[in-house]
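Subject: Structure handover

Hi,

My notes on what was found follow below it.

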Amino acid sequence: MLICINFFTIKILSANRAYVNGESHYSKGQKDASRHLITYLYTQEPEQWKLYNEELKVPQGDGIARQTLLKAGDNEVARKGFLTGRNHKEDINDLVWLFVNFKEIPFLAKAIHEWEQGDKLINELFITGAHINAKIKRNILTTSDQQNYLRKISDISDKLTINERNFSNTLGEGTRKIKTLLTITNIFFILIIICSVSWYYSIMVRRLLISKKEIEMKNENLLLANHELDRFVYSASHDLRSPITSLQGLIEITQLEDNVEQIRNYLTLMHQSLVRQDQFISDIIDYSKNKRKEIIIEPVSLRELFDEAISQLIHIENASRIEIKKEILIDYIQSDNLRLKIIISNLLSNAIKYADSSKKVMFISIKTYFSDGFNKIEIADNGIGIKEEFKEHIFEMYFGTNKNKGSGLGLYIVKEAVENIKGNIYVSSENSVGSKFIVTIPNSNAT
């Protein structure tokens with residue numbers, strides 16, 4: 001099969017080459033004929049007339065071949081026409097074969113059409129030559145006639161140049177397409193052969209690759225687990241132990257205290273320590289879930305997530321004093337419920353924790369809307385804000401402007417959760433004025 005395809009493709013390419021070579025003879029014959037005719041027009045030398053007719057026979061011969069092949073197919077007249085057109089005798093069979101069998105193929109049909117238009121112009125040149133010769137023979141050729149005939153010959157020659165160029169370009173384009181097809185076909189069959197010969201070996205290689213991949217995945221998981229374990233140990237040695245140490249000290253002091261009011265103060269400090277401990281453990285759980293849980297895209301109600309988060313955070317200090325404004329312009333979106341819950345809960349928690357209690361009116365503004373092809377969640381507050389020097393660090397792990405209010409993990413987890421759902425988070429904040437966080441979520445059937 002591959003041998004047959006290569007044989008016929010090479011035969012087509014050879015015939016194409018023969019036609020391109022024949023076009024060069026066609027073009028040269030036409031141009032030489034025009035040159036001799038112009039010379040004859042001004043010199044009236046019989047030798048120039050003779051040379052004109054000899055050169056004009058080249059494109060005329062090709063024209064006879066084209067007309068004959070269209071009407072009668074392969075015959076002796078067509079072959080003689082090609083020989084008259086100065087085509088090499090060893091190319092004649094390929095020229096005839098390609099024309100007869102592929103004349104309906106788009107690129108060859110287009111080339112034949114250009115050829116036909118060229119032959120019409122050759123006929124015009126022939127008629128023009130006959131008129132010039134007739135006037136010279138009758139000795140009635142005027143200077144005005146010479147100028148008119150010169151313009152006509154030049155016009156015919158210019159048009160023929162365009163036709164000849166189009167003919168060559170069309171064949172060249174066809175040759176390139178055939179060459180590309182041959183290359184693709186060869187590659188296809190070679191691949192089949194290679195695959196057939198190496199089928200057994202490919203199975204063995206595939207098994208080895210699968211085994212290697214499994215080992216690499218296990219190693220990656222082990223490295224990740226070790227890395228997370230190192231982080232956890234680091235956190236446990238600092239953030240987990242710190243509240244416990246604080247509690248131990250407070251308990252010891254309380255045991256020695258008789259003043260009820262002072263004991264209450266100590267209990268308040270103990271409670272705050274436990275709250276920080278609870279927050280840190282909660283952050284660690286969120287971090288683990290965000291890292292390990294698969295992304296599940298499903299309908300999620302933003303209104304429900306906000307309501308749930310607010311109800312869980314209402315116990316935080318000053319939460320009851322904060323006015324919460326909600327403008328839910330979009331509710332259900334297609335996204336990951338777990339990540340959105342983590343994002344919303346942490347952003348609201350920060351807005352409450354870092355509220356400015358010195359202000360007469362404290363508020364948190366919640367807004368969801370669709371803009372610029374994204375679902376957007378906007379949480380703004382008039383809290384204490386973020387100092388300019390802290391802004392570029394707020395999403396780093398364990399960074400916190402006030403360690404007494406948070407673990408330093410919240411915004412880091414938010415950032416990772418946003419990236420997991422292919423979103424972005426932006427912050428604008430002014431110290432003592434407030435902060436605004438905008439989360440953009442890729443749109444997928446927002447309702």
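**Cavity**

The count comes to one cavity of 30 Å³ or more. A cavity here is a set of points on a 1 Å grid over the protein atoms alone where a 1.4 Å probe fits but cannot get out. Grid points are joined across faces, edges and corners, and a volume is the space filled by probe spheres set on the points. Lining residues have an atom within 4 Å of a point.

This is a predicted model: local features need pLDDT of at least 70, side-chain atom pairs count only at pLDDT 80 or more, and totals for chains, interfaces and linings use all residues. Residues are numbered from 1 along each chain as its sequence is written, and side-chain values use heavy atoms, with hydrogens and water left out.

The largest cavity holds about 140 Å³ of space. Its lining has 14 residues, with Glu-23, Tyr-26, Asp-62, Trp-115 and Phe-167 nearest the centre. Six of the lining residues are nonpolar, four polar and four charged. (Nonpolar: Ala, Val, Leu, Ile, Met, Phe, Trp, Tyr, Cys and Pro; charged: Asp, Glu, Lys and Arg; polar: the others, Gly among them.) Helices H1 (2–43), H5 (106–137) and H6 (143–197) each supply at least two lining residues. H1 gives the most, with four. Helices (H or I, at least four residues) and strands (E, at least two) are DSSP runs, numbered from the N terminus.

**Salt bridges**

The whole structure has 16 salt bridges (side-chain nitrogen of Lys or Arg within 4 Å of a carboxyl oxygen of Asp or Glu). One of them joins Asp-32 and Lys-28, at 2.8 Å, N to O. These two are four residues apart in H1, so about one helical turn separates them.

**Sheet**

Five strands form an open, mixed sheet in the order E2-E4-E5-E7-E6. Strands pair if DSSP finds at least two bridges between them. E2 (322–328) and E6 (424–430) are at the edges with a single partner strand each, so one side of each has no neighbour in the sheet. The twist averages 10 degrees from one strand to the next. Axes are lines fitted to C-alpha atoms, for helices over the stretch in contact, and angles run from 0 to 180 degrees between N-to-C directions.

Two helices to look at:

- H9 (302–313) packs on the sheet and touches E2, E4 (362–371) and E5; its direction makes about 170 degrees with that of E2. Contact means heavy atoms within 4.5 Å.
- H11 (410–420) also packs on the sheet, touching E6 and E7, at about 145 degrees to the direction of E6.

The strand pairs:

- E2 and E4 are parallel, with seven bridges. Glu-323 has Phe-363 in E4 as its bridge partner.
- E4 and E5 are antiparallel, with eight bridges. Ser-365 stands opposite Ala-380 in E5. The two strands form a hairpin with two residues between them, and Asp-372 in the turn has a positive phi of about 55 degrees.
- E5 (374–381) and E7 (434–442) run antiparallel, joined by eight bridges. Ile-377 stands opposite Val-439 in E7.

Best wishes

Technical notes:
On a 1 Å grid over the protein atoms alone, a cavity is a set of points where a 1.4 Å probe fits but cannot get out, and a pocket is an open set with protein on both sides within 12 Å along at least five of seven lines; lining residues have an atom within 4 Å of a point.
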